[in-house]
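Visitor: Please take me through how to read this model. Start with the chain contact.

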Amino acid sequence: MSNAITVAVVIGYFVLTFIIGVYAVKRVKTAEHYFGAHKLFGAIITSVAAFASIMSGFGFVGGPGLVYALGATSLWITLAAPLGFGLGWFIVGKRIRLIAETRPVATLPDIAAARFKSEAVRGLLAASLVLGVIAYLGTQVMAGGYVVSGLLGVDLETAIIIIFGITMIYTAIAGMAASILTDFFQGLVMLIAAIGVLIFALIMTGGTEGLFTTIGQKDPILIDPLGKGTWVLVLLWFFVFALGGLGQPHLATKFYALRSHRDLKWGALISGGSYMLSSLLWIFVGYAALWLVIGGKIPALQKPDQAAIAFLGQLPVWMSAVVYAGLLAAIMSTASGFIAIGTAAIVRDIPMALGRELDHSRQVWWGRIVTILLTIFAVIFGYFGKYLVAILGALGWGYFASATLPLLAIGLNWKKATREGAVASLITALVLNIGFLIYEKVLGMKLPYAMPSYAVSIIVALLVMIAVSLVTEGAAEDDLDPDIRAAIEA
Amino acid sequence: MIPNSATLLLYPDVNMLTSHFKSCLILLFSEVVEISLREKVLAVNGVVMLLMLLTAFTNSWQILGYLVGLSLTLWLVLGVMRENELGPASWLGAMLFAFWAVCITLIFRYWAEFRGQFPDFTVAGMHPGFFVLFPVMWLLLFIPGTLSYALLFDRWILSDETWNEFKTRVREIEGGEKSE
């Protein structure tokens, strides 16, 4: 796979990313800048960064693989997300930005602790974030390593050191500020890749007419709106991916990074629109790979995840190099955001929850140390963890959504949401996610009708938050801090 | 009605008893009916999400299809509305649900009509149900769900007036705290 053009594009991408990441340190003046990029960036940078951090490597490789295997089933995930960006801005965007105006918030646990006046909520949420971050990063290690190894022609270990070494260094130097600034650049690379792929896919297959007719005549189920999944699966996918996005910490953190409240205005449109463009890659790469196999142009794929690689093999070298850069961008942008979030949880939130806040001047110093240690731990875990990585990786997205969504979506919109409700929903999310993990991965059982277990966890956590809040009183109504109350009522 | 001895002990005057009973009723009644608009939306959404779980576990996917649209609509309404004021949330929510209901009905219908066979007609080569999902529903939901945020921002979401009110309120709070 490695050739001079690909190597040049990939190295150029790495160098530019590194320079941008390190440059971000100029913006970092306080611990809040380092951990949360508090009020540092405008609408365009934060919105493109929000889309880039949500679109992970899965969208570039796993998504097309699912289309290849199941037809339209997985489209219900990616087609829901643009609506999710709007819901994110509507439901939590304004309130988080208003709170950021009155308090030096730098992390989600900061917001949760302010809303629920509880260090227990801060601690539980921070611990949840650390667990989720390690689980997610672990899954990215091998994926990123294999991609770089194939592109540069180096061994797997060297490839892992290159991709995570670069990400670690710039994130350690400038924290969330580096993460957001590089996410912006990486988001632009992804958009160029997505538009290029769409054009090439349509030219290669003779437009949508040639593409879908060829596939449909071979297997009509692959081109119908359900594909090979079940209705329960796709409908719940649409629901949780439309709503669950706003519970993702790497999206929520972008709201307090906005310089001005007016920067909220175009954010949903830019983020949602960018995601819509990039989801075309998910759709058309998957179907183009099917078209290539059905048309006998390439042999049947051994694994669905090879769909993206098989399609890219048909593109001009320079174009595939740009798409590979986009794939690296997708992996690195999500990884850097998670490293910064995990670091902030360890250095800032967990000590605060235990009543041992570090001195602000030392927080950044410790942040850099913990960024390095967390990345090294995640790399070792990802490389050696094998089965454990696969098990914990399954937690990832759904765990974040079920843990944070009730706190943000209900907590910031309902004055009667209580501290007890928040704690109960956090514990419910933890218990259900681990319970379903054992049920599915260890016991090998499945919920009926291919129902995604994280959809159940998310809905139950939301219901627990509402139900417990109705019968308890802590940090609700008159007990709210006045600025939080004003933000909810605005 | 003749009050019994215990009641007489507590309420020597029957009029006083009636008056207290009335005030208790008013208090109770006000507790019951004074549910904010946000709470009503949230409560209805809670019931809808519970029904979603029930329909999912019983594979009643057609009902689930509409409940998903209804819940997403209620979440949008919750995000758009202000404290006890719906504003554009009503028509925005109605628009989102209408788009969802029409699209999901067509998707279900075309899926059932052409299941397992190449469809009798296509739109740009696409299965008609697929075409409704992508790009029709994809683009339609984007209008009330996302595009509307920018369009309503200055008028409703966070106008300068709202922002200034918030800043003034916070300054007053801070001033009050300092003087304490």
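Guide: Two residues are in contact if their C-beta atoms, placed from the backbone, lie within 7 Å. By that rule the contact takes 60 residues from chain A and 55 residues from chain B. This is a predicted model, in which local features need pLDDT of at least 70 and side-chain atom pairs count only at pLDDT 80 or more, while totals for chains, interfaces and linings use all residues. Residues are numbered from 1 along each chain as its sequence is written, and chains are lettered from A in the order in which they are written.

Visitor: Which element gives the largest share of the side of chain B that touches chain A?

Guide: Helices here are DSSP runs (H or I, at least four residues), numbered from the N terminus. The largest share on chain B, 14 residues, comes from α6(B).

Visitor: How many residues of α16(A) are buried?

Guide: A residue is buried if 20 or more other C-beta atoms lie within 10 Å of its own. In α16(A), 31 of the 37 residues are buried, so this helix is largely enclosed by the rest of the structure.

Visitor: What kink is there in α16(A)?

Guide: The bend at a residue is the angle between axes fitted to the seven residues ending there and the seven starting there. The kink in α16(A) is about 40° and is centred on A:A345. Just after α16(A), A:G355 takes a positive phi of about 75°.

Visitor: Which residues is A:L328 in contact with?

Guide: Leaving aside neighbours within four places in sequence, A:L328 is in contact with A:V10, A:Y13, A:V147 and A:I163.

Notes. Helix = DSSP H or I, 4+ residues; strand = E, 2+ residues; numbered from the N terminus. Buried ≥ 20, exposed ≤ 12 C-beta atoms within 10 Å, placed from the backbone.
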